[in-house]
Amino acid sequence: MKRIILLFFVFAVVGSLHSSALVNVYGRDYKLLNGRWDAIVDLYDQGERMKIFENRAPEGNTDFYEYSFDGGLRLEVPGDWNSQSPELKYYEGTVWYGRHFDADPTPGEREFLYFGAVSYRCNVYLNGKLIGSHEGGFTPFEIDVTDYLKKGDNFLAVEVNNRRTVDAIPALAFDWWNYGGITRDVMLVTVPDNHIADYFIQLDKSAADKINVDVKMSQPVAGVKVSVEIPGLKKKFEAVTDNLGRVSGTIKSKDLKRWAPDAPVLYDVTVKGGDDTVEERIGFRNIEVDGTKILINGEPQFMRCVSFHEEIPQRMGRAFSRADATMLLNEAKDLGVNMIRLAHYPQNEYTVRMAEEMGIVLWQEIPIWQGIDFTDDNTRAKAQNMLAEMINRDKNRCAVGFWGVANETKPSEARNDFLKSLLETGKSIDTTRLYVAAFDLVEFDKDRRVFTMNDSFTDNLDVVAVNKYMGWYHPWPLSPAESVWDVNPDKPLIISEFGGEALYGQSGSRDVVSSWSEDSQARLYEDNLRMMENIPNLAGVSPWILFDFRSPFRFHPTNQEGWNRKGLVSDRGQRKKAWYIMRDFYQKKRNNQ
Ligand code: GCU
């Protein structure tokens, strides 16, 4: 598999040049390639040697092939393979997906194969030819297949590999299930030869009535007519491209209603460029920091947050659909949140767009999650590419307020350099949002008798976030009421993770965490919320986590059984006692807002 990994990386970098070749595919003309695909499990990575992507069938009396895509395993696309076959529950390795599809290419148009996500790396073959590769399990990529597509029948093979490696992102060990597969939508997208390759249409960071418009065509050709129309504002911006194929400008409107959690106003936007048209729904809002406050549209907002993994626990599978997004988001909304930290990686577009329609602010991050080799230049390039792919996909989504660049990293020069390069990459694309990272470095200072943190990297961030498991991983050094924090007092601080485990329905002593009881979890929540009253720059709270989730290193045979039980809701959708404590806390916060 070594050669393949190198190949993945090469394309991944090249791929980023195309990361904005197709912004907002859902607003375009596409053929959905979802459904049951043929599959071959290739545990020893022999498929390339055997050229199974050529999908040959024996012709004469003497030839034969030791594979066939027909008549064997079939896997749903989108979807992880782990939840589709008991034998694949723990599988880490290569699975080949294959399917036929008809095409009818038109001269003067370009055809792209678009993948919403493939976990974790893949090679893509069309009609027997390698046409592209990608690394990164949570961001979209597309391949221009115009020159490879045949009229009529085409055979598409995708070699997917989810093996963990030290230079991957995430790396060798992470606290969620290593789902593998073509885990999001696949489409064949048809666009004009010179098409809208990218656009960024967002409210100016420091104005309430000025929309900045940037549109880039795929070809560096001057004189192409571009328009951005917002019927709801009775506004239409028109311009012609420069010799880079770009237009920039502004739309001013005193009538603009800004998007906000309690009023998630979205406008229909039509972007036209040459013969291309893309339909969008875009919201316009301001988000900024003022001292220790987070302001949305100039008003201080306390971020009532919760996290969830991209997983449907009842199905024991990765979430991928509108129905999945509805389930997860409605459970979060019932808790009373105005924000969700999509842990620990970019989640699917249905979740992002539906959160936007529901008025939920989003923190999106790439999975720089413990164990990353910050000295490896390849890893750094991959992280930059992954961040760019995430931001390019969602930079027009006003619900996204925060870009997260890391979770629980340890201070070092290499880490600081690595994360600074991520901030530079992010800000080269988007300076309108807040940059954040979560740290688990808060310690109790026995001399000063306060909780403090010493990590100079926080100076580079707009908002500092802290994961702290008081009463679970850390016994209380003094009572919650006496627990005062002095952490980055001049910046907004979000408690991005706290909590403890409980098995739904299990009762026990409030004082004994090993009881894994709802009672001890409830006590832990009461104590932590009491402590948070002593954090002067607290700007938000995010319990870890909304649902119990699957993790290969949660071994306890009766309390965990391969599940991390920190959920406020069980893996079967049952709310634990702590859920009601958080719901009441958020109700009070909202009433006092
Ligand atoms: C960490 C980490 C989470 C993990 C959690 C836990 O803070 O960020 O991804 O699941 O702790 O230990 O449950």
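A: Trp472 is buried, at 16% relative accessibility. Buried means under 20% relative accessible area, exposed over 50%, and partly exposed in between, using a 1.4 Å probe and protein chains only. Trp516 is buried too, at 13%. The model is predicted, so local features need pLDDT of at least 70 and side-chain atom pairs need 80 or more, while totals for chains, interfaces and linings use all residues. Residues are numbered from 1 along each chain as its sequence is written, and side-chain values use heavy atoms, leaving out hydrogens and water.

Now the pairs. The structure holds 26 aromatic pairs. One of them is Trp81 with Tyr91, edge-to-face, 5.7 Å centre to centre and 65° between the planes. Rings of Phe, Tyr and Trp (its six-membered ring) pair if their centres lie within 6.5 Å; planes under 30 degrees apart are stacked, over 60 edge-to-face, the rest tilted. Trp81 and Tyr91 both lie in the loop between β3 (73-77) and β4 (94-103), so their pair ties together parts 10 residues apart in sequence. Strands (E, at least two residues) and helices (H or I, at least four) are DSSP runs, numbered from the N terminus. Trp81 is buried at 0%, and Tyr91 is buried at 10%.

Back to Trp472. Trp472 and Trp516 pair edge-to-face, with 5.4 Å between centres and 90° between planes. This pair links distant parts of the chain, 44 residues apart: Trp472 in the loop between β32 (463-467) and β33 (493-497), Trp516 in the loop between β33 and α6 (518-532).

Elsewhere, ring pairs link Phe138, Phe174, Trp176, Tyr345 and Trp369 into a cluster.
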